[in-house]
Amino acid sequence: MPDTTTPGLAAARLGRDELKANFADLHEPLDPHEAAVAADRCYFCYDAPCITACPTSIDIPLFIRQIATGTSEAAAKTIFDQNILGGMCARVCPTETLCEEACVREAAEGKPVEIGRLQRHATDTLMAKQAHPYVRAASTGKKIAVVGAGPAGLAAAHRLAMLGSDVTIYDARSKAGGLNEFGIASYKSTNDFAAREVDWLLGIGGITIQTGKTLGSDLSLDELSTDYDAVFLAVGLGGVNALSVDGEDNSGVSDAVDFIGDLRQASELASLPVGRDVVVIGGGMTAVDAAVQSKLLGARNVTIAYRRGRDRMSASPYEQELAASKGVQLLFNVQPAAIHDGEIELAYTDGSHETLRLPADQVFKAIGQTLVTDAGLALDGRKIAVDPNGRTSRKGVWAGGDCASGGDDLTVTAVAEGRDAAMDIHATLMGGK
Amino acid sequence: MADLTSDFLGIKSPNPFWLASAPPTDKEYNVRRAFEAGWGGVVWKTLGMEGPPVVNVNGPRYGAIYGADRRLMGLNNIELITDRPLEVNLEEITRVKADYPDRAIIVSLMVPCEEQAWKDILPKVAATGADGIELNFGCPHGMSERGMGAAVGQVPEYIEMVTRWCKQYYDKPVIVKLTPNITDVRKPAAAAMRGGADAVSLINTINSITSVNLDSMSPEPSIDGKGSHGGYCGPAVKPIAMSMVSEIARNPDTHGLPISGIGGVTTWRDAAEFMALGCGNVQVCTAAMTYGFKIVEEMISGLSQWMDEKGYENLHDFVGMAVPNVTDWKYLNLNYIAKAVISQDDCIKCGRCYAACEDTSHQAISMSADRVFEVIDAECVACNLCVDVCPVQDCISMVPMKAGEVDPRTGKVVSDDYANWTTHPNNPGAVAAE
């Protein structure tokens with residue numbers, strides 16, 4: 001039987017029970033009494049800073065007051081009105097850098113109202129109790145193509161369906177959900193939540209999903225533009241940036257996003273191989289998710305190697321602490337110089353020209369993702385250029401989410417962009433502009 | 001989807017949530033903000049007679065009682081009626097009513113107990129287009145020293161007299177706002193009814209001193225070292241208000257008299273409780289003053305959700321439904337026997353139930369060396385104190401005994417027959433149950 005000391009890649013380094021415990025909910029859901037106590041701490045601030053800090057502008061004080069008065073379903077409705085993926089966002093939002101950072105009690109006491117957990121309490125309550133809470137408006141007779149079934153695409157599709165249009169979503173993968181389904185650490189979305197949320201969202205009706213359809217090969221923008229009244233592109237970033245060092249093609253080197261996706265789709269955690277000594281290159285949430293999960297699978301040593309200092313790391317201090325608490329080592333100001341057999345050579349970026357070597361039977365690349373195809377649209381940097389309404393350089397084509405310019409690459413930002421583009425598509429089609 | 005539309009005395013409003021006559025309704029600016037926020041109606045802050053307006057103190061007008069974490073539980077005020085000229089208020093009321101025809105605007109009034117004073121002001125109020133008037137017979141501070149407010153509300157004959165004048169000189173609904181600073185609220189309510197009042201609203205604020213500064217030895221709020229009793233309101237007064245409302249609702253003399261419920265309404269649930277006790281609508285002040293006008297959104301969504309869950313389509317489906325269940329003590333079923341049950345799974349072993357029961361009640365809870373707390377059925381009278389002091393919701397519950405079981409405290413078999421004090425053998429005035 002393999003264990004944490006087994007060299008090379010090995011599956012089942014930990015027992016089944018330990019794996020199960022490791023990948024359980026990162027934060028247990030609040031029970032009703034805990035929710036009442038947590039809600040009681042909200043001051044119901046005027047023009048509340050938490051609302052401003054939320055990319056989807058959820059009316060946080062209102063939904064918390066609704067929880068406090070025993071109407072969590074009404075609270076959920078307040079959330080979903082702004083963010084139809086409020087259930088997932090409650091789990092994956094870096095609240096510590098968004099709403100909870102802005103909470104006046106964070107400034108006053110260093111202890112914000114637990115907005116994320118309260119949001120989960122409300123959305124879970126409604127989703128467990130009630131079928132889909134929205135109804136569609138009268139048919140507009142319009143047909144809209146959405147490419148990409150991730151957060152931006154789903155949010156746009158839901159809003160358009162609600163406003164009365166018929167939507168077809170195309171997605172390259174075998175399953176809808178995008179990064180919610182494939183790109184987020186398992187302990188943030190337990191019990192197949194992403195898939196359940198998609199099913200629940202589709203309860204509005206009027207949305208068809210076609211999987212296995214990739215823009216550029218199976219679909220062309222010209223055809224979509226001809227067949228539909230409008231097109232919303234939310235294809236995400238499918239490519240992974242290369243390290244461009246010797247040894248990058250070694251068998252132990254792979255993309256962190258694939259590892260995270262495989263883990264999410266695995267029916268048996270004990271079947272997933274992981275190295276004994278794992279090194280993750282990068283400094284974002286993907287790096288942390290890959291590193292923490294490697295550790296939870298039973299890797300003995302896991303190191304995140306980041307080329308800049310801690311203050312530049314895009315993973316929040318909270319995420320850094322999470323990694324450290326799970327036993328992940330954080331190395332700063334180092335970048336890969338070469339990957340050898342069973343070893344990685346890192347060079348310090350502090351001008352010292354020194355290098356260090358770490359044992360590494362598995363190396364994950366998490367240094368950012370890139371657009372796979374520009375579909376002939378104007379770019380802004382390396383992303384599809386869009387205006388504040390999500391309009392691209394081509395008439396009748398909108399884009400949002402990670403593939404489009406502007407915004408942080410967060411689930412919640414993608415939802416906001418999808419929702420707002422949908423409103424603009426609707427206004428444009430109905431106004432005949 | 002529940003319909004929250006309210007029809008109170010023929011006055012329509014999109015929901016039953018009105019702002020009470022108080023500082024939040026003193027000016028056009030505030031009232032417009034209230035309507036934009038979604039309030040169904042307002043009772044404009046009390047107008048006085050023409051001439052130089054009253055003046056207010058220039059120090060603190062409010063004092064407060066807090067729960068932990070400074071949650072405001074009770075507020076007291078020594079503010080008087082509007083200190084702005086009558087004409088200004090009337091012009092503003094006219095403008096706002098014209099701009100918000102779907103919202104209710106009631107004008108609160110307080111002028112001296114002289115027929116001419118009322119005869120003078122009522123046509124001016126009628127000209128504003130407001131939907132009705134509310135007679136402020138409740139303010140317990142300042143104005144009462146001048147023979148108005150609570151000074152009128154404490155004399156049923158005055159209430160009846162002034163109400164009659166108002167019905168004589170004014171065509172639209174007349175609501176009489178009652179003071180709680182009396183011994184039996186049924187008397188002023190009946191007097192208002194005799195005078196022809198279309199409705200009563202209650203409660204106005206309660207005489208109070210919120211605290212005493214132990215350095216300056218001045219009551220709070222302190223004006224240059226002195227304090228005066230103010231009117232108490234907010235969540236703390238709700239139980240008092242609900243009792244008074246229920247007394248009027250179930251009193252045969254006043255049963256059916258429309259009531260506008262006031263007193264600590266903070267959430268949809270408070271409103272639903274007042275309405276279940278017979279109030280056609282509710283008025284809110286302290287909650288708005290504490291949290292802003294936006295709270296009405298929670299009241300609307302909460303009442304709507306609850307009505308949907310219960311299958312109530314309109315407000316009148318549940319208004320007054322609890323009134324038949326308010327009764328005299330002597331009619332409570334003495335054969336109803338319950339026992340406390342402590343859920344060991346939920347118990348956090350704090351021992352508060354034990355302290356309460358052992359020190360102050362019936363020694364009906366046992367405590368083991370390893371802090372297991374259990375109810376002793378042979379001692380438990382089901383007083384509910386352990387439930388009330390337990391910090392864990394639903395950890396201790398009161399479970400009724402079934403008919404046929406033997407109550408270990410009395411040794412008697414539990415009966416499912418209804419039997420009350422009027423027929424109890426211990427009652428010297430017991431009457432035969434025929």
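Colleague: What should I know before I start?

Modeller: The model is predicted, so local features need pLDDT of at least 70 and side-chain atom pairs count only at pLDDT 80 or more, while totals for chains, interfaces and linings use all residues. Residues are numbered from 1 along each chain as its sequence is written, and chains are lettered from A and ligands numbered from 1 in the order in which they are written.

Colleague: Which residues of strand β8 of chain B are buried?

Modeller: A residue is buried if 20 or more other C-beta atoms, placed from the backbone, lie within 10 Å of its own, exposed if 12 or fewer, and partly exposed in between. Strands (E, at least two residues) and helices (H or I, at least four) are DSSP runs, numbered from the N terminus. In β8(B), residues 132–136, five of the five residues are buried, so the strand is largely enclosed by the rest of the structure. Gly132(B), Glu134(B) and Asn136(B) lie on one side, and Ile133(B) and Leu135(B) on the other.

Colleague: Which strands pair with β8(B)?

Modeller: Two strands pair if DSSP finds at least two bridges between them. Strand β7(B), residues 104–109, runs parallel to β8(B) and is joined to it by four bridges; Leu109(B) stands opposite Leu135(B). Strand β9(B), residues 174–177, is also parallel to β8(B), with four bridges, and there Ile175(B) is the bridge partner of Glu134(B).

Colleague: What unit do β7(B), α3(B) and β8(B) make?

Modeller: A crossover is right-handed if, with the strands pointing away from the viewer, the path from the first strand over the helix to the second runs clockwise. Here β7(B), helix α3(B) (residues 115–126) and β8(B) make a right-handed β-α-β unit.

Colleague: Where is an antiparallel pair?

Modeller: Strands β5(B), residues 62–66, and β6(B), residues 72–77, pair in the antiparallel sense over five bridges. Tyr62(B) of this pair stands opposite Asn77(B). The two strands form a hairpin with five residues between them, and Asp69(B) in the turn has a positive phi of about 65°.

Colleague: Is Gly40(B), in its loop, buried or exposed?

Modeller: Gly40(B) lies in the loop between α1 (28–37) and β4 (41–47) of chain B. With 27 C-beta neighbours inside 10 Å, Gly40(B) counts as buried. Two residues are in contact if their C-beta atoms, placed from the backbone, lie within 7 Å. Not counting residues up to four places away in sequence, Gly40(B) touches residues including Ser6(B), Phe17(B), Trp18(B) and Arg103(B).

Colleague: How many residues does each chain give to the contact?

Modeller: Chain B gives 12 residues and chain A gives 11. On the side of chain B that touches chain A, α10(B) supplies the largest share, five residues.
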